[in-house]
Amino acid sequence: MMTRLWPMVRKEFLQMRRDRLTLGLMFGVPVAQLLMFGFAIQTDVRHIPTVVVDESRTPASRDIIAALENTGSFRIVAHVDGRPALDAAFARGNAQAAIVIPNDYSRNVGRGTTATIQVIVDASDPLSSQSALAAAAGLGQARNLTILAAAAGRTSLPVDVRIRPRYNPGLRSPNYIVPGLVGLVLTMTMVLITAMAIVRERERGTLEQLIVTPITKTELMLGKIAPYIGVGLFQMTAVLILGRFVFDVPLVGSLWLLYGVSLVFIVVSLSLGLYISALVQTQQQAIQLSFFFMLPSILLSGFMFPRQAMPEFFQWLGLLLPVTPFLEVLRGILLKGVGLEALWPQTLWLAGFAVGLITLAVRRFHKTLD
Amino acid sequence: MTDVAVDIRELTRRFGALTAVSQLTLQIARGEVFGLLGPNGSGKTTTIRMLCGLLDPTSGNATVAGIDVRTAPERVKMQIGYMSQRFGLYEDLTAAENLQFYGGIYGLRGAAQATRLADLVAFLGLGSRMQQLAAQLSGGWKQRLALGCALLHQPPVLFLDEPTAGVDPAARRSFWSAIHDLARHGTTVLVTTHYMDEAERCDRLAMMSLGHLIALGSPAEVAQQVGGKTLEDAFVILQERDER
């Protein structure tokens with residue numbers, strides 16, 4: 001049994017070693033992506049360029065402007081006179097927020113009537129305007145409470161809501177992104193590499209020579225994917241180590257469990273690659289089909305955008321991607337430190353994918369030319 | 001052991017509406033060098049691919065070394081060596097690595113593999129090229145290497161699909177003397193070719209046209225059956241008929 005597996009694996013490694021470009025991509029891609037996503041993706045937008053129209057020009061108006069700037073959401077880039085100058089700054093993109101203090105602001109604060117200030121935000125990008133909106137609203141509330149409490153003669157507030165962000169107390173993006181990246185990198189490279197590995201043999205005519213030998217279908221398929229299991233494990237280790245030391249992402253849970261479930265996921269991705277390779281005739285088709293699968297894996301899996309925010313249909317669609325449950329397992333183990341007692345549904349779902357995709361690939365893959 | 005190495009009975013293969021091979025019947029004796037001739041598209045490659053188990057026949061049947069290609073294609077594969085039209089080995093591996101890989105695939109291990117490889121390298125004169133990447137070999141060397149890989153398991157039947165296309169005359173000559181060497185030792189060889197001098201060197205020929213067998217016998221008999229003085233005449237007549 002399987003006596004031809006070892007020559008097959010050995011041959012794959014020899015070829016892998018000679019293909020410098022693919023080799024570089026296999027090991028360079030995870031590192032490049034980690035640095036890119038880790039540094040670049042920050043979902044909380046801070047320091048929005050802001051212009052100020054201060055018609056009041058009083059200590060009170062300067063005080064509220066300073067308070068807004070101290071929230072960290074606004075970065076004052078200019079003081080301008082009047083609305084037309086403000087509109088121009090928005091139109092040119094020099095500013096994405098503006099603070100307008102009317103000339104009666106100071107007077108109204110002093111008199112105890114409602115003093116109005118206006119915060120205008122460029123909401124053409126809803127994501128980047130969110131934190132500015134929240135910061136402005138929060139500051140307004142805090143101000144009101146302090147003034148009201150003082151007027152009522154109290155030194156403390158009636159209700160104190162204490163927020164404790166668990167698992168990621170610093171609310172840091174890398175803690176969320178890096179574990180997800182393990183899933184994404186594996187999806188991207190594993191699926192494409194196996195799909196290409198078989199189709200390349202078909203295109204070059206080497207598959208024809210191989211399938212007239214007594215090698216079995218199983219030996220052929222296993223020999224093709226076995227080397228890449230090692231590559232996948234290496235890639236995830238690289239991402240985890242870099243994540244730990246460059247981005248301070250915690251590794252809380254069991255590494256054994258992490259690698260065990262990842263192995264299942266790697267097999268899932270490789271089987272998908274094999275299945276794709278059995279469906280297509282050329283490397284170009286293989287790339288196209290892999291990318292058709294890649295985009296939803298990034299967008300619908302919860303890698304970047306929370307699945308809870310999606311319409312129900314897309315939440316279901318996301319569940320049809322193997323990377324979705326895998327991301328939940330990754331974050332569960334790495335950030336929360338939980339084990340199978342909490343993650344068994346996702347693990348079971350992944351195992352289901354593995355069985356299903358292997359069956360599909362084996363059924364579809366034939367040792368003939370048509 | 002029967003004396004018929006390849007027994008083809010009413011073998012037919014259709015690709016959609018196109019019938020590539022139609023009701024082909026012929027027998028090849030053990031130790032025979034048998035040539036399959038015909039213009040492009042006459043069904044030679046499809047026939048060989050069916051005999052190798054690379055394509056399933058639509059109807060009819062065939063046995064190779066006594067084994068049915070329809071019911072036991074995997075058992076057939078241990079009995080045959082195959083060279084495709086296109087160089088089918090790994091260009092990013094050296095000659096030695098290709099031979100070792102196929103040796104492993106055919107179940108040769110350790111000392112047995114080393115002995116067999118040494119014999120083949122001597123037989124084909126590959127010694128000086130063993131450490132070169134297959135991509136860097138010339139057409140003639142590639143062809144010898146491919147023959148070497150096809151012979152590793154000492155198959156009783158050899159299928160060669162245009163093995164000498166793009167190979168210089170000297171290399172073709174030495175290739176054919178190797179073929180006759182093998183036949184003398186009992187190997188059955190089915191070979192397709194476009195070269196008339198090569199066809200003349202076959203024991204028997206079959207000429208195909210549009211999927212049909214139209215002539216069968218010794219080179220001289222085949223030429224006569226098609227209606228030409230020489231094989232070349234016969235071939236040209238056939239090609240003109242097909243193009244009409």
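Colleague: Which residue is the bridge partner of B:I8 in strand 4 of chain B?
Modeller: That partner is B:A62. Keep in mind that we're looking at a predicted model.

Colleague: Thanks! And in strand 2 of chain B, what does B:I8 pair with?
Modeller: There the bridge partner of B:I8 is B:L26.

Colleague: How many bridges join strand 1 and strand 4 of chain B?
Modeller: Strand 1 pairs with strand 4, residues 59–64, over 5 bridges in the antiparallel sense. Strand 1, residues 4–15, also pairs with strand 2, residues 18–29, over 8 bridges, and that pairing is antiparallel too.

Colleague: Switching topic: how many residues of chain B are in contact with chain A?
Modeller: On the chain B side there are 24 residues, in contact with 21 residues of chain A. Helix 1 (44–52), strand 6 (80–83) and helix 3 (95–105) of chain B are the elements giving two or more residues to that side. Helix 3 of chain B has the largest share, with 4 residues.

Colleague: What classes of residue does that side of chain B have?
Modeller: The side of chain B that touches chain A has 13 nonpolar, 4 polar and 7 charged residues.

Colleague: Over to chain A, then. At what angle do helix 7 and helix 13 of chain A pack?
Modeller: Helix 7 (residues 173–204) and helix 13 (residues 323–336) of chain A pack at about 140 degrees, with their axes 9 Å apart.

Colleague: Why call helix 7 and helix 13 of chain A oblique?
Modeller: Roughly antiparallel needs an angle over 145 degrees, and roughly perpendicular runs from 65 to 115. Helix 7 and helix 13 of chain A are therefore oblique to each other. Their crossing is right-handed.

Colleague: Which residues of helix 7 and helix 13 of chain A meet?
Modeller: From helix 7 of chain A, they include A:N175, A:P179 and A:G183, and from helix 13 of chain A, they include A:F326, A:L330 and A:R331. By class, the residues of this contact divide into 8 nonpolar, 4 polar and 1 charged.

Note on methods. Residues numbered from 1 in each chain as written. Chains lettered and ligands numbered in written order. Predicted model: local features only at pLDDT ≥ 70, side-chain atom pairs only at ≥ 80, totals over all residues. Axes fitted to C-alpha atoms, helices over the stretch in contact; angles between N-to-C directions. Parallel < 35°, antiparallel > 145°, perpendicular 65-115°, else oblique. Left-handed = near helix turned anticlockwise from the far one by under 90°. Contact = placed C-beta atoms within 7 Å. Nonpolar A, V, L, I, M, F, W, Y, C, P; charged D, E, K, R; others polar. Pairing = 2+ DSSP bridges.
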